[in-house]
Protein chains: 2
Amino acid sequence: MSAGEHSLSLPEEEMLLLTGYMQEKQEQVDRALEEILPPAPDCPSDIVEAMRYTLFSGGKRLRPILVLASAEAVGGRGEQALPAACAIELIHTYSLIHDDLPSVDNDDYRRGKLSNHKVFSEAMAIFAGDALLTHAFMVMTDARRLPDTDPALMLGVAGEIARAVGVEGMVGGQTVDIISQGREVEPSLLDYIHSNKTAALIRISARSGAILGGGSEEEVRAISDYGGKTGLAFQIVDDLLDISQSGETEGGDQQLGKATYPAVHGVEKSRQRTVQLIEEALADLSGFGPAADPLRRIACFVAFRDH
Amino acid sequence: MSAGEHSLSLPEEEMLLLTGYMQEKQEQVDRALEEILPPAPDCPSDIVEAMRYTLFSGGKRLRPILVLASAEAVGGRGEQALPAACAIELIHTYSLIHDDLPSVDNDDYRRGKLSNHKVFSEAMAIFAGDALLTHAFMVMTDARRLPDTDPALMLGVAGEIARAVGVEGMVGGQTVDIISQGREVEPSLLDYIHSNKTAALIRISARSGAILGGGSEEEVRAISDYGGKTGLAFQIVDDLLDISQSGETEGGDQQLGKATYPAVHGVEKSRQRTVQLIEEALADLSGFGPAADPLRRIACFVAFRDH
């Protein structure tokens, strides 16, 4: 499979390969997360339980899989990137818990289960999110977990991840998303929200893997671009699914008056934009051989998933 | 001034020296924080404003000053420890904002000003806290800010700070503090809460400075012990001030039914324990010369401050 001969909607054989790949990597990530966040005997059990509740609630592990697949795409071993992969899943989980809070999106359900603050309490959900975010940076800086890693490389990756998920990235995007609720949103502001709220974390997932896998500067840049575009496509598809799954009724984002790509540009243009982004993401990988096939399949999967 | 000849309540001359020292270091920390968190043109202004509101709301900068003083006590330069000092103040600020939230301590005021969520909104206060915590780790991992620092050393310090403020430290303590509200608390549980909620951050402040200042293993251990004891004394004095300042009425912590040292052990025993802790903290510094005088004065100041 190469960028030239790709079919955007995956043929069955490719889909089977991807499903097998993702399952294998998901198990690898889950095992690593279990080691990272056990019900530690010397930690208060309530907060550990709250942290684990959302961390092990059936996520697809898309972001950590992207980290591992990007490391392999540049010829590295996935294991080298495993601490960053776990950290990014911890960060993703914290962002879901805080996003669901009553004063933010006020979502009672997440992945078909009660959201964190509904099961525990609002205070516990805030602290569980804080603890997951902090744990993410501990995982990336704990020397015992990083036997083969160059400290300077790891420090740089941790710094890039922090930048991507803080005020200059994900949290910045979440903030503008909240402030813009119920307001008319310019296309440029919508791009800012999507680039930061969603795409920044997916982009840094791919980029971290490429750096830790030992990729060249050019390879790292290409995979970062791939990640950014795949991340934007992911958000647009998310918004499209929100509409189609809610059927006659309005989707959750529409109820909140959130700025979405389909709301601003219409459904048809949103579909076209998704295809265009994935084509560009695949083009970014044109210099890579078969080692990047998982990345190519993931991009197509993101664009054409139905949940 | 040495551990042997100390007077626990600082004579006027010592107090003047400490005031001058703290003012100088506070200005150094404030300048560094201004560089770290400017009203960045490419960041959403609302969240930056919320972050800066509490960060620049008149804190004494006790923790970052401890970082710098500990670096100097082992013969290092304060500048080497400045990124960690700033990071710790960012973390302290985030913890205050999240602690004040309606679902946690529900405090409308902080340092005589409206608390973050009262000025902005609950959602913005949650995100401002998240962003400050993330920024703390960015500051410690951004290579451009660390020209003279050994990456392995910095990675190790960032990891120790993460451990001290996460589920195994500060957040763990905050959680138990919330869960225990209105319940009878065993002395051992109270020790857990104080050791983690307050003392862990003060201990790691001193420890980080000693490590980054190039201290020997023994020096780092002594200064860590000093920090832990000073941190515990700080919390007990905080609880005592909460009672004395509220006069006839109950203090804020009493209203919340929080476990405090005076509530469990009585006021007199609390004062004795403070003196004992500070004496032990000073004894930890007995192997140090005059370079540790600022640390000695800070411990006495912590024990006998009136606000």
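This is a predicted model: local features need pLDDT of at least 70, side-chain atom pairs count only at pLDDT 80 or more; totals for chains, interfaces and linings use all residues.
Student: What makes up chain A in terms of helices and strands?
Tutor: Chain A has 14 helices and two strands. Both are DSSP runs, numbered from the N terminus: helices are H or I with at least four residues, strands are E with at least two.

Student: Why is chain A called as compact as a globular protein of its length?
Tutor: Take the radius of gyration over C-alpha atoms, and the globule rule as 2.2 Å times the number of residues to the power 0.38. For 307 residues the rule gives 19 Å, and the radius of gyration of chain A is 19 Å, so the chain is as compact as a globular protein of that length. Along the principal axes, its C-alpha atoms fill a box of roughly 55 × 45 × 35 Å.

Student: Why is A:Ile298 called buried?
Tutor: A residue is buried if 20 or more other C-beta atoms lie within 10 Å of its own, exposed if 12 or fewer, and partly exposed in between; C-beta atoms are placed from the backbone. A:Ile298 has 22 such neighbours inside 10 Å, so it counts as buried. A:Ile298 sits in helix H14 (residues 293–304) of chain A. Buried residues make up 56% of the 307 residues in chain A.

Student: Which residues is A:Ile298 in contact with, leaving aside its neighbours within four places in sequence?
Tutor: A:Leu66 and A:Ala69. Contact means that the C-beta atoms, placed from the backbone, lie within 7 Å.

Student: How do you know that the span of H7(A) is close to the expected one?
Tutor: The expected span of a helix is 1.5 Å times one less than its number of residues. H7(A) has 15 residues and reaches 21 Å from its first C-alpha to its last, close to the 21 Å expected.

Student: Why is H7(A) called largely enclosed?
Tutor: Eleven of its 15 residues are buried, so H7(A) is largely enclosed by the rest of the structure. Among them are A:Met154, A:Leu155 and A:Val157. The buried residues of H7(A) pack against H4, H6, H8 and H9 of chain A, together with H6 and H7 of chain B.

Student: What makes A:Ile47 stand out in the largest nonpolar core?
Tutor: A nonpolar core is a set of buried Ala, Val, Leu, Ile, Met, Phe, Trp, Tyr and Cys residues joined through C-beta atoms within 7 Å. The largest one has 202 residues, and those with the most contacts inside it are A:Ile47 and B:Ile47. Not counting residues up to four places away in sequence, A:Ile47 touches residues including A:Phe127, A:Ala131, B:Val167 and B:Val171.

Student: What makes up the side of chain A that touches chain B?
Tutor: 45 residues of chain A are in contact with 45 residues of chain B. H2, H6, H7 and H8 of chain A each supply at least two residues of that side. The largest share, 13 residues, comes from H6(A). By class, the side has 28 nonpolar, eleven polar and six charged residues. Ala, Val, Leu, Ile, Met, Phe, Trp, Tyr, Cys and Pro count as nonpolar, Asp, Glu, Lys and Arg as charged, and the others, Gly among them, as polar.

Student: How do you know that the two copies are related as by a two-fold rotation axis?
Tutor: Copies are superposed by least squares on the C-alpha atoms of residues with pLDDT of at least 70 in both. Chain A can be laid on chain B with an RMSD of 0.0 Å by a turn of 180° and a shift of 0.0 Å along the axis. The copies are therefore related as by a two-fold rotation axis. The same surface serves both: 100% of the contact residues of chain A recur in chain B.

How values were computed: Residues are numbered from 1 along each chain as its sequence is written. Chains are lettered from A and ligands numbered from 1 in the order in which they are written. Two residues are in contact if their C-beta atoms, placed from the backbone, lie within 7 Å.
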